[in-house]
Amino acid sequence: GVSSASHWLASVFSERGERIVAKLMFVASLLYRTLEKGGALQMEDDIPTDRFGFYRPRKDDLYRGISVPNVELIRKRENKWRKMLDAWDSWMKKKHKKAKHFNFIFIIRLAGEQVKERCLKGIPQSLRGMAYQYLCGSQERRKANPVLYKQFLSTDDVECPWLDSIDKDLHRTFPEHFLFRSEKGQGQSELRNVLKAFSLYDTTIGFCQPMAPIVATLLMHMPEEEAFWCLVMICEKYLVGYYSPGLEGIKTDGKLFERLIKMHNPEIAAHLVKYGADDPLLYVCEWFTCIYCRSLPWNIVLRVLDMFFCDGVKVLFRVGLTILDVTLGSPEKRARCSDLLNIITALKSPSDAVLQEDMFFLQMEQLKIRDADFVKAHLALAIS
């Protein structure tokens with residue numbers, strides 16, 4: 001009956017059930033991809049994982065700030081997202097129709113805000129892979145180039161000058177996640193394929209280390225060809241210039257972030273100047289180029305990505321300003337970070353105690369930084 005099914009679903013998210021959820025969510029697609037290639041899937045069932053697929057000691061409370069998922073709420077959001085994704089084109093076209101009984105501009109704002117609101121609340125885990133592709137438009141690029149990825153994979157390894165650098169990074173990319181734990185296993189193989197293909201697709205960028213954790217995160221939610229096209233869209237649409245040889249994009253945005261800090265919280269800005277931490281590139285480079293994949297607890301990382309694919313690079317600025325607030329936002333907190341090393345350590349690896357998921361995003365939502373402030377900072381940067 002319904003009650004017994006609901007009881008079972010709720011039990012799935014217990015401490016023991018988190019391991020089951022993680023494996024069920026990833027193994028289905030992983031098994032299909034492995035068997036399709038004639039391989040065999042091996043799991044290390046004796047080692048516990050959290051609900052995201054990361055191996056953790058049995059008594060590890062690293063993620064104690066994660067609330068137990070509400071199954072009823074998850075199902076409700078899944079239904080909303082599924083309906084929206086099933087009719088994505090027609091749903092988006094609503095923004096361009098002139099309604100008879102409503103103001104035209106109001107209709108545009110309503111549609112856009114509704115997507116943002118749903119992304120802010122968090123995309124259901126079961127639909128994240130599909131949602132990311134629809135939000136960034138990568139599914140259209142993939143359909144328009146159905147054989148390109150396979151052509152890159154068939155290219156001889158000797159024709160890929162970046163392959164040695166890529167291979168050196170494979171074992172360093174989320175080795176604590178079951179998908180990437182095994183050397184030359186399915187996860188590392190797919191990661192290598194995507195990075196190789198991209199280095200051949202964009203020979204100007206080639207390969208840059210921060211790409212590896214981003215691609216790995218995508219592979220946790222989608223097959224490798226789809227992850228490749230998402231990476232293409234990230235580099236061409238979202239983080240333009242971030243991975244170019246001169247890193248011009250991240251350098252410019254680092255300066256922009258410095259101005260936003262001064263606008264948002266002069267006390268924090270003065271504290272950073274006092275201890276020689278006023279160059280945001282000391283910490284922003286890792287934050288932005290990895291989309292926080294190496295800096296925040298995984299539950300927060302995924303919700304940052306949900307908003308990033310919807311709202312673009314300005315999400316990275318807002319997340320960064322929130323980290324500064326929760327880390328250095330009071331005199332007491334600043335007193336605990338009274339030298340350069342402590343400041344950089346606190347910003348690059350924020351304490352779990354200050355990163356409670358719901359409070360973090362509530363504080364981020366309440367930031368008094370508007371789109372006009374980004375424009376103002378850009379203009380000030382352009383004339384400086």
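Thr-217 is placed in helix H11, which spans residues 211-219; helices (H or I) are DSSP runs of at least four residues, numbered from the N terminus. The structure is a predicted model, in which local features need pLDDT of at least 70 and side-chain atom pairs count only at pLDDT 80 or more, whereas totals for chains, interfaces and linings use all residues. Residues are numbered from 1 along each chain as its sequence is written, and side-chain values use heavy atoms, with hydrogens and water left out.

Thr-217 counts as buried because its relative accessibility is 2%, where buried means under 20% relative accessible area, exposed over 50%, and partly exposed in between (1.4 Å probe, protein chains only). A polar atom of the Thr-217 side chain lies 2.7 Å from the backbone oxygen of Pro-213. When residues up to four places away in sequence are not counted, Thr-217 touches Phe-174, Cys-293, Trp-298 and Leu-305, a contact being defined by heavy atoms within 4.5 Å.

The whole structure was searched for salt bridges, and 18 were found; the criterion is a side-chain nitrogen of Lys or Arg within 4 Å of a carboxyl oxygen of Asp or Glu. One of them joins the side chains of Arg-128 and Asp-306, with an N to O distance of 2.9 Å. This pair links distant parts of the chain, since Arg-128 belongs to helix H6 (residues 128-136) and Asp-306 to helix H16 (residues 298-311), 178 residues apart. Both Arg-128 and Asp-306 are buried.

A salt bridge is also formed between the side chains of Lys-150 and Glu-225, at 3.5 Å from N to O.

Positive phi values were examined next. Lys-184, a residue other than glycine, has a positive phi near 65°. Lys-184 is found in the loop between helix H9 (163-170) and helix H10 (186-201), and with a relative accessible area of 73% this residue is exposed. Leu-247 is likewise not a glycine, and its phi is positive at about 50°. The loop that holds Leu-247 runs between H12 and helix H13 (248-264). Leu-247 counts as partly exposed because its relative accessibility is 28%.

Leu-328 is located in helix H17 (residues 314-328). The relative accessible area of Leu-328 is 0%, so the residue is buried. Apart from neighbours within four places in sequence, Leu-328 is in contact with Ile-268, His-271, Leu-272, Lys-333, Arg-334, Cys-337, Ile-343 and Leu-347. Between the C-alpha atoms of Leu-328 and Ala-346, which are 18 residues apart along the chain, the separation is 8.9 Å.

Technical notes:
Helix = DSSP H or I, 4+ residues; strand = E, 2+ residues; numbered from the N terminus. Polar contact = N/O pair within 3.5 Å; in protein donor to acceptor, adjacent residues only side chain to side chain.
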